[in-house]
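Let's take a friendly walk through this protein, from its strands to its aromatic rings. Have a look at the sequence and the fold before reading on.

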Amino acid sequence: MFEAFQRSFPRDPWHDPWRRPEGGVAADIPAIAGLREFFSGFGGASFRGGIYRAIDPSDLNRWSERIYLAFPAFEGRMTCFGYDWLGRAFALDSKRFEDGQPGVVMFEPGTGEALEIPANIRTFHDVGLLEFGEAALAISFYEQWTATGGAKPTFTQCVGYKRPLFLGGSDKVENLEVADLDVYWHMMGQLVGKTRGLPKGTRVRVTME
């Protein structure tokens, strides 16, 4: 399991900075086929220059809180396992199944969308990322960002939109900046919640707590 993934997505040799310096106690890992093996082999690592990252299992609860703030309809049913350079989270949905196992959902804070991916944790890594890695990880966009001098985000950072796409921001490198993951998800989570269902152009107020 995950052999094809390892061949196509080599672990970054500089992966140590991607781990939280203070470490942490791992949360209870749900009994999902392949999940514990994934965390055991890849938890806290980055791949292909930081384009994709496996979360440290000690951050399971933190990622759940981030997702539920922006997407409360999924509360209690998601287990996050990875995220990409744009801060988009990949999680397993206990209410939807692919080949008998929880299906993958991609949560996009910059667009306010939750997209179902036709894969479980095994097929997502060993098949999906090889076949639709461009769409799932925005590989060409990442290469454009780094080619124009954009920095590779660390474990606690992402490259987020200055103005989110759901508020009229452009999907261009000029609209990107390195951001703290907690701050970015908190801000986007509030914006997604406040703008959901509102007419285009409605003014909203966001506060940092």
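Are Phe 90 and Phe 124 buried or exposed? Both of these residues are buried in this predicted model.

**The overall picture**

The protein has 6 helices and 8 strands. Read from the N terminus, the order of elements is α-α-β-β-α-β-β-β-β-α-α-β-β-α. Of its 209 residues, 52% are buried. The accessible surface is about 10100 Å², and carbon and sulfur atoms account for 50% of that. Counting contacts between residues at least 6 apart in sequence, 59% join residues at least 24 apart.

Strand β4 (residues 89-98) runs antiparallel to strand β3 (residues 78-84), with 5 bridges joining them. Across this pairing, Gly 82 stands opposite Phe 90. The two strands form a hairpin with 4 residues between them, and Gly 87 in the turn has a positive phi of about 85°.

Strand β4 also pairs with strand β5 (residues 101-108), again in the antiparallel sense, over 7 bridges. Here Leu 92 stands opposite Val 104 in β5. This hairpin has 2 residues between the strands, and Asp 99 takes a positive phi near 55°.

**Aromatic rings**

A search of the whole structure finds 21 aromatic pairs. Two of them are set out below.

| Pair | Centre to centre | Angle between planes | Geometry |
|---|---|---|---|
| Trp 85 and Tyr 142 | 5.2 Å | 70° | edge-to-face |
| Phe 90 and Phe 124 | 5.2 Å | 45° | tilted |

Why does Tyr 142 count as buried? Its relative accessibility is 7%, and the buried class takes in values under 20%. Trp 85 is buried too, with a relative accessible area of 0%.

Phe 90 and Phe 124 also belong to a cluster linked by ring pairs, whose members include Phe 2, Phe 5, Phe 9, Tyr 52 and Phe 81.

**Charges over rings**

Phe 9, one of the cluster residues, has the charged end of Arg 48 over its ring, 4.7 Å from the centre. Likewise, Arg 66 lies over the face of Trp 63, at 4.5 Å from the ring centre.

Conventions: Residues numbered from 1 in each chain as written. Predicted model: local features only at pLDDT ≥ 70, side-chain atom pairs only at ≥ 80, totals over all residues. Heavy atoms only, no water. Pairing = 2+ DSSP bridges. Buried < 20%, exposed > 50% of the residue type's maximum accessible area, 1.4 Å probe, protein only. Contact = heavy atoms within 4.5 Å. Areas by Shrake-Rupley, 256 points an atom, 1.4 Å probe, with all protein chains shown as cover. Phe/Tyr/Trp six-rings, centres within 6.5 Å; stacked < 30°, edge-to-face > 60°. Lys NZ or Arg CZ within 6 Å of the ring centre and 35° of its normal.
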